[in-house]
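Open the model in your viewer and keep the sequence panel beside it. The stops below say what to select next and what is there.

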Amino acid sequence: IGHLCNNPLLSNLIALSLEMVEGEYFLDQLKNSKYLQNLRSLSLEHSSSGSIQWGQFLGEFTFSELRHLHLGGTRFKGDDLKALAENPSIQKLQSLDLSWNTIPLNGYLELAKSPYLSGLQHLTLSGADVKDKAIAAFNKHSPFERLEVLKLHSNTIGAKGVGIIANSPVF
């Protein structure tokens, strides 16, 4: 990964898929790369960072052109979403995939309160432990003014959550 992240020949790269990568330092190398700043799409699905904290990566990456971020199955902690929600580099995101992660309610609250997700059009939360309270949080605080696609399969949303979605201008 280090050779990839430090290769000036890749400075025009706009999409990078590092799915199922495992290692101690790849997130640090990725976030510190000066040659990957033009990325518009980054997929880290099912990658494992060892002892490196996802929150550090999610809060410090500076890919300001990023439009698509795929973190499905990365097993980050719910608290790591606060770092992502507060990162101004996500203000151009159009799609965010957090599927197959166990996300607690406070993680959803952080996302819902983010001032940087107003352009999000596609949100995938399949298998991400979404319940009625998470749906209510999104409905109350939602920055998702442009949301067009919401994927929620394999969750335990009850009648209350379904009612909120059906009657909400947010969803």
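Axes here are lines fitted to C-alpha atoms, for helices over the stretch in contact, and angles run from 0 to 180 degrees between N-to-C directions. This is a predicted model: local features need pLDDT of at least 70, side-chain atom pairs count only at pLDDT 80 or more, and totals for chains, interfaces and linings use all residues. Residues are numbered from 1 along each chain as its sequence is written, and side-chain values use heavy atoms, with hydrogens and water left out. Helices (H or I, at least four residues) and strands (E, at least two) are DSSP runs, numbered from the N terminus.

**Stop 1: the sheet**

Select the strands. An open sheet is formed by 6 strands in the order β1-β2-β3-β4-β5-β6, with parallel pairing. Two strands pair if DSSP finds at least two bridges between them. At the edges are β1 (15–17) and β6 (149–151), each of which pairs on one side only. On average, neighbouring strands of this sheet are turned by 0 degrees against each other, direction ignored.

Now select β5 (residues 122–124) together with β6. These strands run parallel and are joined by 3 bridges. Leu123 stands opposite Leu150 in β6.

Stay on β6 and pick Val149, which is in that strand. The scale is as follows: buried means under 20% relative accessible area, exposed over 50%, and partly exposed in between (1.4 Å probe, protein chains only). Show the distance from Val149 to Gln121: C-alpha to C-alpha, the two are 6.3 Å apart in space and 28 residues apart in sequence. Leaving aside neighbours within four places in sequence, Val149 is in contact with Gln121, His122 and Leu123. Contact means heavy atoms within 4.5 Å.

**Stop 2: Ser126**

Move to the loop between β5 and α6, where Ser126 is found. Ser126 is buried, with a relative accessible area of 1%. Which residues does Ser126 touch, not counting residues up to four places away in sequence? They are Ser99, Trp100, Lys151, Leu152, His153 and Asn155.

**Stop 3: helix α5**

Select residues 105–112, which make up α5. Colour Gly107, Tyr108, Leu111 and Ala112, the buried residues in this helix. They cover an arc of only 135 degrees around the axis, which puts them on the same side of α5. The arc is that of the directions from the helix axis to the C-beta atoms. An α-helix has 3.6 residues a turn, so residues three or four places apart point the same way.

**Stop 4: α5 against α6**

Two packed helices are described by the angle between their axes and the distance between the axes. The axes of α5 and α6 come within 9 Å and cross at roughly 15 degrees. The two helices, α5 and α6, are therefore roughly parallel to each other. Angles under 35 degrees count as roughly parallel, over 145 as roughly antiparallel, 65 to 115 as roughly perpendicular and the rest as oblique.

The crossing of α5 and α6 is right-handed. From α5 the contact is made by Leu105, Tyr108, Leu109, Leu111 and Ala112, and from α6 by Lys133, Ala134, Ala137, Phe138 and His141. As for handedness, a crossing is left-handed if the near helix is turned anticlockwise from the far one by less than a right angle, and right-handed if clockwise.

**Stop 5**

Look down α6. Its buried residues include Ala134, Ile135, Ala137 and Phe138. Seen down the axis of α6, the buried residues fall within an arc of 160 degrees, so they line one face of the helix. Lys133 and Lys140 are exposed on the other side of α6. The cover over the buried residues of α6 includes α5, β5 and α7.

Next, select α7 (residues 159–167), whose axis comes within 8 Å of that of α6, crossing at roughly 25 degrees. That makes α6 roughly parallel to α7. Here α6 passes α7 in a left-handed crossing. Asp132, Ile135, Ala136 and Asn139 in α6 meet Ala159, Lys160, Gly161, Ile164 and Ile165 in α7.

**Stop 6: two loop residues**

Finish with Met20, in the loop between β1 and α2 (26–31), and Arg75, in the loop between β3 (68–70) and α4. Phi of Met20 is near 60 degrees, a positive value in a residue other than glycine; phi of Arg75 is also near 60 degrees. Met20 counts as exposed at 66% relative accessibility, and Arg75 is exposed with a relative accessible area of 58%.
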